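The following exercises concern a single protein chain. Each sets a task and then works through a solution step by step.

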Amino acid sequence: MASQRLSKKMFNICIVCIIIVVIIFIAIMLILNYDVNGEANMPFEVSKISVISTVDGKDVENSQHKWEINVIQNNDIYIYVEKNKQYRKQETIASVKIDNFEIKQTSKIGEIKIYKPTTSDTSLFQNLDENIIDKLEFAGSKSTNTKKLEISNQGGVLNFRCANNNIGTYISDDDAEINYNKLITKLNLNEQDLIAKLTFNITITLDSGKVFKAENIEIEIPNENVVSEGTVGKEYTNKLQDIVFKRIEN
């Protein structure tokens with residue numbers, strides 16, 4: 001009888017141990033899955049990222065030459081945040097922050113800076129020192145107003161510029177006119193001289209207090225063929241699956 005009770009006790013202990021191991025295993029798998037895939041049902045999600053790469057130039061003041069142009073390569077980035085139609089609860093955006101900008105250049109030509117939208121009525125972006133930023137925050141509002149750094153509380157578009165300034169100076173006394181789209185070609189540079197990788201974080205804060213963050217979103221700049229064509233647009237859609245949001249506040 002004593003041996004039977006001992007055997008039964010050992011059996012029960014084994015069952016409990018197995019259950020504990022299974023629970024721990026499931027918990028570990030859930031944690032690993034969350035680390036890889038993040039939130040399965042976000043209230044808001046990034047639906048598209050568009051990049052418009054252009055070649056531009058700024059005339060040097062008081063030049064002694066017919067043409068003296070400081071060559072610039074701009075990348076205007078548009079991030080579309082949309083409400084998740086599968087999310088059933090009512091949520092509104094309090095703010096969206098873009099920060100932790102990091103730039104890795106394959107070459108050191110030029111000087112890359114991040115710019116916020118300008119308040120000027122003439123253009124969306126201006127490469128001015130007063131517009132240089134290391135982080136950007138859009139406040140939730142009734143509608144999206146880029147120049148005021150506002151995004152609709154039901155989703156909208158975020159934008160900023162990543163510009164490669166001071167690529168070089170083109171000087172000429174012979175050209176009758178200048179095609180600014182061809183300025184990089186005139187400097188005898190190619191796309192490999194300009195390639196860089198831009199990474200940043202996005203944090204979405206909701207009025208309910210929930211906060212979601214995606215880290216190390218990566219974009220390669222400039223778009224392919226910008227040197228030859230001058231203006232090239234590109235949409236990132238397949239890359240969106242690499243954007244993983246995790247909840248950092250409940």
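## Overall architecture

In sequence order, the elements of the protein run α-β-β-β-β-β-β-β-α-β-β-α-β-β. The model is a predicted one.

**Exercise 1.** Determine how many helices and strands the protein has, and what percentage of its residues is buried.

*Solution.* 
Step 1. The protein contains three helices and eleven strands.
Step 2. Of its 250 residues, 41% are buried, the criterion being a relative accessible area under 20%.
Step 3. Among contacts with a separation of 6 or more, 72% join residues 24 or more positions apart.

## Nonpolar cores

**Exercise 2.** Identify the residues of the largest nonpolar core that touch the most other members, and state which element gives the most to this core.

*Solution.* 
Step 1. The largest nonpolar core has 37 residues, and those touching the most other members are Ile49, Ile79, Phe160, Phe200 and Ile202.
Step 2. Two or more residues of this core come from each of E1, E2, strand E3 (93-105), strand E4 (111-115), strand E5 (136-141), E7, strand E8 (196-206) and strand E9 (211-221).
Step 3. The element that gives the most is E8, with six residues.
Step 4. Another core, of 15 residues, lies apart from this one and includes Ile167, Ile184, Leu189 and Val227.
Step 5. Leaving aside residues up to four places away in sequence, the contacts of Phe200 include Ile79 and Phe160, together with Ile98, Phe101, Ala214, Ile217 and Ile219. Phe200 also touches Asp99, Asn100, Glu215 and Asn216.
Step 6. As background, nonpolar side chains in soluble globular proteins tend to be buried together.

**Exercise 3.** Decide whether Ser53 is buried or exposed, and find which backbone atom its side chain reaches.

*Solution.* 
Step 1. Ser53 belongs to strand E1 (residues 44-59).
Step 2. Its relative accessible area is 0%, so Ser53 is buried.
Step 3. The Ser53 side chain reaches the backbone nitrogen of Asn223 at 2.9 Å.
Step 4. Not counting residues up to four places away in sequence, Ser53 touches Gln73, Asn74 and Asn75, as well as Pro222, Asn223, Val226, Gly230, Thr231 and Val232.

## Cavity and pocket

**Exercise 4.** Describe the largest cavity by its volume, its lining and the strand that gives the most to that lining.

*Solution.* 
Step 1. One cavity of 30 Å³ or more is counted, and the largest cavity has a volume of about 40 Å³.
Step 2. Its lining consists of Gln73, Asn75, Ile112, Cys162, Ala163, Asn164, Leu194, Ile221 and Pro222. Gln73, Asn75 and Pro222 are also among the residues touched by Ser53.
Step 3. Strand E2 (67-83) and strand E7 (155-172) each contribute at least two lining residues, and E7 gives the most, with three.
Step 4. By class, the lining has six nonpolar, three polar and no charged residues.

**Exercise 5.** Carry out the corresponding description for the largest pocket: what is its volume, and what classes of residue line it?

*Solution.* 
Step 1. The largest pocket holds about 360 Å³ of space.
Step 2. It is lined by 20 residues, of which Lys58, Ile72, Asn127, Leu128 and Asn165 are the closest to its centre.
Step 3. At least two lining residues come from each of E1, E2, E4 and E7; the largest share, four residues, is from E1.
Step 4. The lining has six nonpolar, seven polar and seven charged residues, whereas the lining of the largest cavity has no charged residues.

Conventions
Residues are numbered from 1 along each chain as its sequence is written. This is a predicted model: local features need pLDDT of at least 70, side-chain atom pairs count only at pLDDT 80 or more; totals for chains, interfaces and linings use all residues. Side-chain values use heavy atoms; hydrogens and water are left out. On a 1 Å grid over the protein atoms alone, a cavity is a set of points where a 1.4 Å probe fits but cannot get out, and a pocket is an open set with protein on both sides within 12 Å along at least five of seven lines; lining residues have an atom within 4 Å of a point. Grid points are joined across faces, edges and corners, and a volume is the space filled by probe spheres set on the points. Ala, Val, Leu, Ile, Met, Phe, Trp, Tyr, Cys and Pro count as nonpolar, Asp, Glu, Lys and Arg as charged, and the others, Gly among them, as polar. Buried means under 20% relative accessible area, exposed over 50%, partly exposed in between (1.4 Å probe, protein chains only). A polar contact is a pair of N or O atoms within 3.5 Å; within protein, one must be able to donate a hydrogen and the other to accept it, and residues adjacent in sequence count only if both atoms are side-chain atoms. Contact means heavy atoms within 4.5 Å. A nonpolar core is a set of buried Ala, Val, Leu, Ile, Met, Phe, Trp, Tyr and Cys residues joined through side-chain atoms within 4.5 Å.
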